[in-house]
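Biologist: Please walk me through this protein. Keep it brisk.

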Amino acid sequence: MDCTLCHEDAGFNRAIVDTLSGLEVGRICLNCELEVFGYSLQRGFWSDGSSCSFCPRDGHFALPTWEPETEERDGDIYCSVAYEVTAETPRLCDECLHELRRPHPASSRSERSRRRNERR
Ligand SMILES: [Zn+2]
Ligand SMILES: [Zn+2]
């Protein structure tokens, strides 16, 4: 699957998961993650579990990382990658995700430094 932001091959870095359906709706490659979020997704303390990590809206989309897994079956080792959405998984609302999808992610400002006028 291609990266949702730059449309290059995303590899297995981070998935974008619709938390209602549980379906993977996109991916973010490592380059885009570092460019847009820096290390905040990897090092931040995200434990809310329901709201957007960058604004007060509902965190409709989770951004879990793909983790390699090995499984032994009949003496053979199978390797695969899987993601798991937990309360510590960073989340985005549809608005924040939509902003990331702009054609030139390099020009988008840091989500954290922005101020929004939210209606609640
Ligand atoms: Zn990308
Ligand atoms: Zn948001």
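Modeller: Of the protein's 120 residues, 24% count as buried. Bear in mind that this is a predicted model.

Biologist: In what order do the elements run from the N terminus on?
Modeller: The protein has 3 helices and 6 strands. Read from the N terminus on, their order is β-β-α-α-β-β-β-β-α.

Biologist: Which elements give two or more residues to the largest nonpolar core?
Modeller: That core has 18 residues. Ile16, Ile28, Phe61 and Leu92 have the most contacts inside it. The elements giving two or more residues to this core are β1 (14–18), β3 (61–62) and α3 (94–100).

Biologist: Leaving aside neighbours within four places in sequence, which residues is Ile28 in contact with?
Modeller: Contact here means C-beta atoms within 7 Å. With those neighbours left aside, Ile28 touches Ile16 and Leu63, and also Ala10, Asn13, Arg14 and Glu33.

Biologist: Why do the buried residues of α1 line one face of the helix?
Modeller: Helix α1 covers residues 30–37, and its buried residues are Cys32, Glu33 and Phe37. Viewed down the axis of α1, they line one face because they fall within an arc of 100 degrees.

Biologist: What do the buried residues of α1 pack against?
Modeller: Start with the residues themselves: Cys32, Glu33 and Phe37. Their packing partners are β1, β2 (24–28) and α2 (40–43).

Biologist: Which residue follows α1?
Modeller: The helix spans residues 30–37. Next comes a residue with a positive phi, near 60 degrees: Gly38.

How values were computed
Residues numbered from 1 in each chain as written. Chains lettered and ligands numbered in written order. Predicted model: local features only at pLDDT ≥ 70, side-chain atom pairs only at ≥ 80, totals over all residues. Core = buried A, V, L, I, M, F, W, Y, C linked by C-beta atoms within 7 Å. Buried ≥ 20, exposed ≤ 12 C-beta atoms within 10 Å, placed from the backbone. Helix = DSSP H or I, 4+ residues; strand = E, 2+ residues; numbered from the N terminus. Contact = placed C-beta atoms within 7 Å. Arc of directions from axis to C-beta.
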